[in-house]
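The points are grouped by topic and can be followed along the sequence.

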Amino acid sequence: MSFATVLQLLDDLVLSKTGENLSHIQKTIIKGSLEGKTYSDIAHESYLTEGHIGDKGSELWKLLSEVLGVDIHKPTARGILENIQFSNISSEGDFLALNNLHICTDHPNSKEANSPPEIIPTQPYLDLGTAPEILRFYGRIEELNTLEKWIVGDRCRLITLLGLKGSGKTALSIQLIQQIKHHFDYIIYRSLYFSPPLDKLLTKLLQIFPKSAKIPEDTEDKISCILNYFRQYRCLVILDDWYQIFKPEHLAGRYKNGYEDYHLFLEKVGQKNHQSILLLNSQETSSEIAVLTKTNPFIRSLTLSSLGNSAKEILKDYQLLDVDKWDILIENYQGNPEWLQIIAVMIQEFFRGSFTQFLAMNPLILTESLKNIFDKKFQRLTQSEKELIFLIAQESNPIYLTKLLDKQSVSIPDLLMVIDSLKRRILLELKPKNQETILFINPLLKEYINQL
């Protein structure tokens with residue numbers, strides 16, 4: 001009898017007795033024990049502490065002792081499970097026979113008696129809510145590998161995934177789930193587009209987990225409850241559209257009134273010990289997160305840049321001509337997947353797919369869809385940010401920070417705050433040059449501003 005079959009039988013027995021399936025970590029411990037591995041080996045392979053695996057193992061053997069009617073401990077587990085595997089368990093219709101004890105497995109979650117066992121018995125609980133269906137995913141292999149390393153290898157607790165609209169944050173997150181889902185017990189996706197208060201969000205999240213206790217009333221107690229689940233289970237929680245809880249027309253990352261407790265939630269998730277990960281997708285970030293990424297090794301931030309050469313797959317899908325000039329189009333539209341798709345449709349419809357004809361008209365054309373994207377982004381800026389963006393857009397070349405400071409009448413601290421805010425909105429980039437700092441703005445944004 002294969003390991004998968006044994007595990008399925010044990011899972012059915014536990015479900016029949018307790019109403020709950022074996023968790024991912026319980027299955028991992030069983031598999032490791034049958035392979036003769038120590039707790040240290042299992043912990044190392046699972047990126048968990050040996051103490052945590054030991055605690056979970058003790059709970060597991062106690063559970064299986066009650067379910068199987070035999071006394072099981074780690075030193076004896078392999079021998080007992082192997083004996084059960086080859087001698088004591090047999091399948092008889094809708095019943096499992098164990099030491100002459102017959103247990104009915106006819107419940108909604110059980111498998112048909114003659115159906116083949118699952119090849120991968122450690123599937124996580126997926127609750128993707130309103131996550132969009134990703135029909136085509138382009139590139140981002142390096143970003144996927146970076147996120148997997150941070151999450152699986154480095155055991156990060158809080159990651160911010162930044163990018164302008166259309167850069168592919170959501171698509172990357174959904175693709176990431178497929179790549180690392182076997183490492184988790186729970187995977188949950190939620191959008192904050194409609195700015196739910198933290199208390200409401202936590203209540204919805206807590207309702208997903210096993211209801212062993214009543215959901216507390218107090219928000220801080222709910223945070224503690226979530227953290228307990230984050231310790232008990234390996235969870236991946238993705239919160240999309242994070243920027244929607246920030247105030248528009250204020251410097252980047254200022255929470256809306258009544259949403260300040262989100263900061264407490266992030267602080268607890270980032271600083272408390274647990275085995276889960278919170279991934280935030282956003283078009284801007286707060287100054288607190290920016291600082292924590294520098295000081296806390298378990299908190300990271302990744303900004304999505306151009307798709308680079310992978311963007312050619314988009315142009316190929318839209319059957320554009322003039323392959324030798326595609327690099328120009330990709331550079332002009334910053335390798336942004338959505339922007340390239342928008343402009344590729346225009347080239348196909350108006351120029352029969354000829355990029356050469358399009359380029360002869362204007363290398364940077366803002367469609368109505370692109371203008372709407374920048375309108376929404378621009379509406380979130382403060383007056384000071386707008387004035388600074390206008391000033392930089394008028395320059396034909398990137399401007400040196402020292403030159404900008406000399407030209408401004410506002411105080412240097414105030415100006416640096418505005419620059420930092422635009423940087424955290426991914427509208428302004430700071431680069432070193434000749435031991436000084438130069439400021440860049442997105443070329444498409446520059447074209448948008450010059451048309452206002």
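## Sheets, charges and a cavity

In this predicted model, three strands make up an open sheet whose order is S10-S12-S11, with antiparallel pairing. Strand S10 (399-400) and S11 stand at the edges of that sheet, and because each has a single partner strand, one side of each is left without a neighbour in the sheet. Other strands of the chain pair in the parallel sense, among them S5 with strand S8 (residues 277-282) and S6 with strand S7 (residues 235-240).

**The antiparallel sheet**

- S11 and strand S12 (residues 436-441) are paired through six bridges in the antiparallel sense, and within this pairing the bridge partner of Lys433 is Glu436 in S12.

- Strand S5 (residues 158-162) is mostly covered by the rest of the structure, with five of its five residues buried.
- In a regular strand, side chains alternate between the two faces of the sheet.
- S5 runs parallel to strand S8 (residues 277-282), to which it is joined by five bridges, and Thr160 stands opposite Leu280 in S8.
- S5 is also joined by five bridges to strand S9 (residues 299-303), again in the parallel sense, and here Leu162 stands opposite Thr303 in S9.

**Strand S6 and its partners**

- Five of the six residues of strand S6 (residues 186-191) are buried, so S6 is largely enclosed by the rest of the structure.
- Strand S4 (residues 125-127) runs parallel to S6 and is joined to S6 by three bridges, with Tyr186 in S6 as the bridge partner of Tyr125.
- S6 and strand S7 (residues 235-240) also run parallel, joined by six bridges, and the bridge partner of Ile187 is Leu236 in S7.

**Helix H4**

- The 19 residues of helix H4 (residues 50-68) should span 27 Å at 1.5 Å a residue, and the end C-alpha atoms of H4 are 26 Å apart, which agrees with that expectation.
- The buried residues of H4 include Ile53, Leu60, Trp61, Leu63, Leu64, Val67 and Leu68, and Gly54, Lys56, Gly57 and Ser65 are buried in H4 as well.
- Gly69 follows H4 and has a positive phi, near 75°.

**Salt bridges**

- A search of the whole structure finds 17 salt bridges, of which a few are described here.
- Side chains of opposite charge can pair when their charged atoms come close.
- Asp154 and Lys149 meet through their side chains in a salt bridge with an N to O distance of 2.9 Å; Asp154 counts as partly exposed at 24% relative accessibility, and Lys149 is likewise partly exposed, with a relative accessible area of 49%.
- The side chains of Lys222 and Asp199 form a salt bridge at 3.0 Å, N to O, and because Lys222 lies in helix H9 (residues 219-232) and Asp199 in helix H8 (residues 198-206), the pair ties together parts that are 23 residues apart in sequence.
- Within that pair, Lys222 counts as buried at 5% relative accessibility, whereas Asp199 is partly exposed, with a relative accessible area of 27%.
- Glu385 and Arg425 also meet in a salt bridge, at 3.0 Å from N to O, and this pair links distant parts of the chain, with Glu385 in helix H17 (residues 383-393) and Arg425 in the loop between helix H19 (412-424) and strand S11 (428-433), 40 residues apart.
- Both Glu385 and Arg425 are buried.

**The cavity**

- The structure holds one cavity of 30 Å³ or more, and the largest cavity contains about 40 Å³ of space.
- The lining of the largest cavity is made up of Tyr255, His263, Leu266, Glu267, Ser286, Glu288, Ile289 and Leu292, and by class this lining has four nonpolar, two polar and two charged residues.
- Helix H10 (261-271) and helix H11 (287-295) each supply at least two residues of the lining of the largest cavity.

Key: Residues are numbered from 1 along each chain as its sequence is written. This is a predicted model: local features need pLDDT of at least 70, side-chain atom pairs count only at pLDDT 80 or more; totals for chains, interfaces and linings use all residues. Side-chain values use heavy atoms; hydrogens and water are left out. On a 1 Å grid over the protein atoms alone, a cavity is a set of points where a 1.4 Å probe fits but cannot get out, and a pocket is an open set with protein on both sides within 12 Å along at least five of seven lines; lining residues have an atom within 4 Å of a point. Grid points are joined across faces, edges and corners, and a volume is the space filled by probe spheres set on the points. Helices (H or I, at least four residues) and strands (E, at least two) are DSSP runs, numbered from the N terminus. Ala, Val, Leu, Ile, Met, Phe, Trp, Tyr, Cys and Pro count as nonpolar, Asp, Glu, Lys and Arg as charged, and the others, Gly among them, as polar. The expected span of a helix is 1.5 Å times one less than its number of residues. Buried means under 20% relative accessible area, exposed over 50%, partly exposed in between (1.4 Å probe, protein chains only). A salt bridge is a side-chain nitrogen of Lys or Arg within 4 Å of a carboxyl oxygen of Asp or Glu. Two strands pair if DSSP finds at least two bridges between them.
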